[in-house]
Amino acid sequence: MKITEVKVYPAQDGGRLKAYATIVFENSFIVRDLKVIEGGKGLFVSMPSRRRKDGTFRDIVHPLNSDMRKTIEDQIVSEYNRVIQLQPEAIPVMDL
């Protein structure tokens with residue numbers, strides 16, 4: 001299954017959540033609300049999930065094998081890095 005589009009939307013909170021992402025497969029299937037998270041070993045992608053009645057979370061969609069998970073993660077993290085490099089740095093405004 002070929003990934004045909006990846007969009008990354010940087011998060012504004014400055015915490016572990018770095019961005020939200022949307023991914024399109026073969027121009028025909030879209031998955032929204034993936035998250036780019038800063039973990040102990042670097043960035044990783046969290047799949048969309050839903051809170052269950054017992055308070056735990058369960059992924060709504062997810063890859064069925066590690067190769068596809070790596071492909072998805074590599075493309076989303078790569079796009080995240082590209083988007084972050086393109087963002088203009090915020091210049092602090094000083095009151096005089």
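Q: What is the bridge partner of Gly 39 in β4?
A: Gly 42 is the bridge partner of Gly 39. One thing to keep in mind from the start: this is a predicted model.

Q: What makes β3 and β4 a pair of strands?
A: Two strands pair if there are at least two bridges between them. Five bridges join β3 (residues 29-39) to β4, so the pair passes that cut-off. The two strands run antiparallel, and they form a hairpin with two residues between them. Elsewhere in this pairing, Val 36 stands opposite Val 45 in β4.

Q: How do you know that β1 and β2 pair too?
A: Count the bridges again: seven of them join β1 to β2. The cut-off is at least two, so β1 and β2 count as paired. Their sense is antiparallel, and Lys 7 has Thr 22 as its bridge partner in β2. This hairpin has six residues between the strands, and Gly 14 takes a positive phi near 75° there.

Q: What makes β2 and β3 partners?
A: Seven bridges, in the antiparallel sense. With at least two needed, β2 and β3 therefore pair as well. One of the bridges has Ala 19 with Val 36 as its partner in β3. Three residues sit between these hairpin strands, and Glu 26 in the turn has a positive phi of about 50°.

Q: What order do the strands take in the open sheet?
A: The four strands go β1-β2-β3-β4, with antiparallel pairing.

Q: Why are β1 and β4 left without a neighbour on one side?
A: They stand at the edges: β1 (3-10) and β4 (42-46) each have a single partner strand, so one side of each has no neighbour in the sheet. The sheet also twists, by an average of 25° from one strand to the next.

Q: Where does the helix go relative to the strands?
A: Helix α1 lies across β1, β2 (17-25), β3 and β4, running at about 50° to β1. In the whole chain there are one helix and six strands, and from the N terminus on the elements run β-β-β-β-β-β-α.

Q: Why is Ile 76 called buried?
A: Buried means under 20% relative accessible area. Ile 76 has 0%, so it counts as buried. Ile 76 sits in helix α1 (residues 66-86). Leaving out residues up to four places away in sequence, Ile 76 touches Val 6, Val 8, Ala 21, Ile 23, Leu 34, Val 36 and Val 45.

Q: Why does Thr 22 count as buried?
A: Its relative accessible area is 12%, and the limit is under 20%, so Thr 22 is buried. Thr 22 belongs to strand β2. The C-alpha atoms of Thr 22 and Ile 76 are separated by 8.6 Å, with the two residues 54 apart along the chain.

Q: Why is β2 described as largely enclosed by the rest of the structure?
A: Seven of the nine residues of β2 are buried, so the strand is largely enclosed by the rest of the structure.

Q: Is Glu 79 buried or exposed, and what makes it so?
A: Buried: Glu 79 has a relative accessible area of 17%, and the cut-off is under 20%. Glu 79 lies in helix α1. Setting aside neighbours within four places in sequence, Glu 79 is in contact with Val 6 and Val 8.

Q: Which residues touch the most other members of the largest nonpolar core?
A: In this core of 18 residues, Val 8, Ile 23, Phe 25, Leu 34, Ile 72 and Ile 76 do. At least two core residues come from each of β1, β2, β3 and α1, and the largest share, six residues, comes from α1. Apart from neighbours within four places in sequence, the contacts of Ile 23 include Leu 34, Ile 72 and Ile 76.

Q: How does the radius of gyration of the chain sit against that of a compact globule?
A: A compact globule of 96 residues would have a radius near 12 Å, but the chain has 16 Å. Along its principal axes, the C-alpha trace spans about 55 × 35 × 25 Å. Of the 96 residues, 26% count as buried.

Technical notes:
Residues are numbered from 1 along each chain as its sequence is written. This is a predicted model: local features need pLDDT of at least 70, side-chain atom pairs count only at pLDDT 80 or more; totals for chains, interfaces and linings use all residues. Side-chain values use heavy atoms; hydrogens and water are left out. Buried means under 20% relative accessible area, exposed over 50%, partly exposed in between (1.4 Å probe, protein chains only). Contact means heavy atoms within 4.5 Å. Axes are lines fitted to C-alpha atoms, for helices over the stretch in contact, and angles run from 0 to 180 degrees between N-to-C directions. The radius of gyration is taken over C-alpha atoms; the globule rule is 2.2 Å times the number of residues to the power 0.38. A nonpolar core is a set of buried Ala, Val, Leu, Ile, Met, Phe, Trp, Tyr and Cys residues joined through side-chain atoms within 4.5 Å.
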